[in-house]
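Dear colleague,

Please find below the structure that I am handing over to you. A summary of what was found follows directly after it.

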Amino acid sequence: MAEVVFFIAALGVIAGALGTVALRNPFYAVLALVCHLLALAALFLLLRAEFVAAAQVVVYAGAVMVLYVFVVAYVGGERGAMAAPVGPRLKVLSAMFAGALLIELCIAIIGTTVTALDGEGGRFFVGFGTPSEIGRLFLTDFLLAFELASILLLIAAVGAVLLARRRSGLEMAGDLSVADVLRGTHGTQTQAGLETQAEAAGPPGR
Amino acid sequence: MTITWYLTVSAFVFAIGACGVLVRRNPLVILLCIELMLNAANLALVASGRAHGSQDGQVFALIVMVVAACEVAIGLGLIVALFRQRLPIDVDELRELQG
C-alpha cells in the first residue's frame, strides 16, 4: 500500500516539476508547482514528517504560491514577441547539463556505501515528526537557527516593502495624485486659473 | 520503499529545476525553478533524517522553507519594481538593476 502511494506521489512530484519548467504561460507554471508541492507533502507524510507536510501545504502551497499568483497576475506573462526565442542549442545544452547532473546524483545516491539508505528508515518512536517534538527541538537544540530564521524573516519583510514602494512623486505620466483631484486640476488646462473663461474655452486660437 | 527511492526522486526534481533555470527567460519562472530545487533539497533532507531515525532533517527542512519564503518575497519585490520601471521582464534583456 505504501508503495502505491509512493509511486502516485512521486509521479505527481515529477509531473509537477516538468510542468513548471515546460509550460509557457507562467500562471500555469505556478499551478503546476502547486500540484508538485501537494504531491511532495504526500511524500513527506510517507516519511513520517507530519509537521513538515502540514507546513508545506499551509506555508509553501498556501502562502508563497498565492503570493506568486498575485505577482503573476500583476506582471503578466511573456510579453508579446520576445527579442529572440531561446535557441535550440541552449535547450539541448541545458537538457544535457541536467542529465549529467541527474546521473552524477544518482551515482552518488545509489552507489553510496551508507547502509542506512538501504533500509526503510531507522528506528523511530511514537511522536516522531509531530509538532510537539519539532517544537521541542526548535526551542532546545536548534534555538539559534530558530532565532536567526525569525531575524531573516524580518529582514526579508522590510526589504520587500522597500523594494516595492513607490519612489517619491509619481513616475508615470498621467498619474493622478490625491492632491490633484482635490485641487481640481485633473483634466483641465494647468495654465488657466480655476473657474475662469480661459479654462472652459481652452487656449485662444485652438 | 527504501530511502534511496526518495533520494532519487529528489535528484530528478533537482535536475529538472536546474534545467528550468537555464532555459526559461521569464524571471518569475526562473524563481519557480529555484523553488523546485529547494523543494528537492527539502525532500533529500527529510529522507536522510528518516534514514537515521532523527528529526534533525525535518528541522533543517523547515528552516530551508523559511529561507525559501524570504527569497521569494525579495525576488518578487524585485520583479514588481522592474515592472514598475517599465523594464523588460526578460533576463536576456536586463542588463542592470540600477534604479
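The notes below describe chain A, its interface with chain B, and several individual residues.

This is a predicted model, in which local features need pLDDT of at least 70 and side-chain atom pairs count only at pLDDT 80 or more, while totals for chains, interfaces and linings use all residues. Residues are numbered from 1 along each chain as its sequence is written, chains are lettered from A and ligands numbered from 1 in the order in which they are written, and side-chain values use heavy atoms, with hydrogens and water left out.

**Chain A as a whole**

Chain A contains eight helices and zero strands; helices (H or I, at least four residues) and strands (E, at least two) are DSSP runs, numbered from the N terminus. Along the sequence, the pattern of chain A reads α-α-α-α-α-α-α-α. Of the 206 residues in chain A, 27% are buried, where buried means under 20% relative accessible area, exposed means over 50%, and partly exposed lies in between (1.4 Å probe, protein chains only). Among the contacts in chain A with a separation of 6 or more, 48% are between residues 24 or more positions apart; a contact means heavy atoms within 4.5 Å.

**The interface between chain A and chain B**

In this interface, 92 residues of chain A are in contact with 70 residues of chain B. The two chains, A and B, bury about 7300 Å² between them, and 75% of this lies on carbon and sulfur atoms. Buried area here is the accessible area (1.4 Å probe) that two parts lose on being put together, summed over both. A:Leu47, A:Tyr60 and A:Tyr68 supply 10% of the area that chain A buries against chain B, more than any other three residues.

Between chain A and chain B there are zero salt bridges, a salt bridge being a side-chain nitrogen of Lys or Arg within 4 Å of a carboxyl oxygen of Asp or Glu.

Several helices of chain A, namely α1 (2-22), α2 (26-46), α3 (50-75), α4 (88-110), α5 (131-139) and α6 (143-164), each supply at least two residues of the side that touches chain B. With 13 residues, α3(A) provides the largest share of that side. By class, the side of chain A that touches chain B has 66 nonpolar, 12 polar and 14 charged residues. In this classification Ala, Val, Leu, Ile, Met, Phe, Trp, Tyr, Cys and Pro count as nonpolar, Asp, Glu, Lys and Arg as charged, and the others, Gly among them, as polar.

**Helix α4 of chain A**

The 23 residues of α4(A) reach 32 Å from the first C-alpha to the last, close to the 33 Å expected at 1.5 Å a residue; the expected span is 1.5 Å times one less than the number of residues. The buried residues of α4(A) are A:Ser94, A:Ala98, A:Leu101, A:Leu102, A:Cys106 and A:Ile109. They pack against α1 (3-23) of chain B.

Over all chains, the whole structure has one salt bridge. It joins A:Glu133 to A:Arg136, with the closest N and O atoms 2.9 Å apart. The two residues, A:Glu133 and A:Arg136, are three residues apart in helix α5 of chain A and are therefore separated by about one helical turn. A:Glu133 is buried, with a relative accessible area of 16%, whereas A:Arg136 is partly exposed at 42%.

**Individual residues**

B:Gln58 lies in helix α3 (residues 56-84) of chain B and is buried at 2% relative accessibility. Leaving aside neighbours within four places in sequence, B:Gln58 is in contact with A:Leu47, A:Arg48, A:Ala49, A:Val52, A:Phe128, A:Gly129, A:Ile134 and B:Val46.

A:Arg48, one of these partners, sits in the loop between α2 and α3 of chain A. A:Arg48 has a positive phi of about 65 degrees although it is not a glycine, and it is partly exposed at 39% relative accessible area.

A:Phe27 belongs to helix α2 of chain A and is partly exposed at 32% relative accessibility. Leaving aside neighbours within four places in sequence, A:Phe27 is in contact with A:Val69 and A:Val72.

With kind regards
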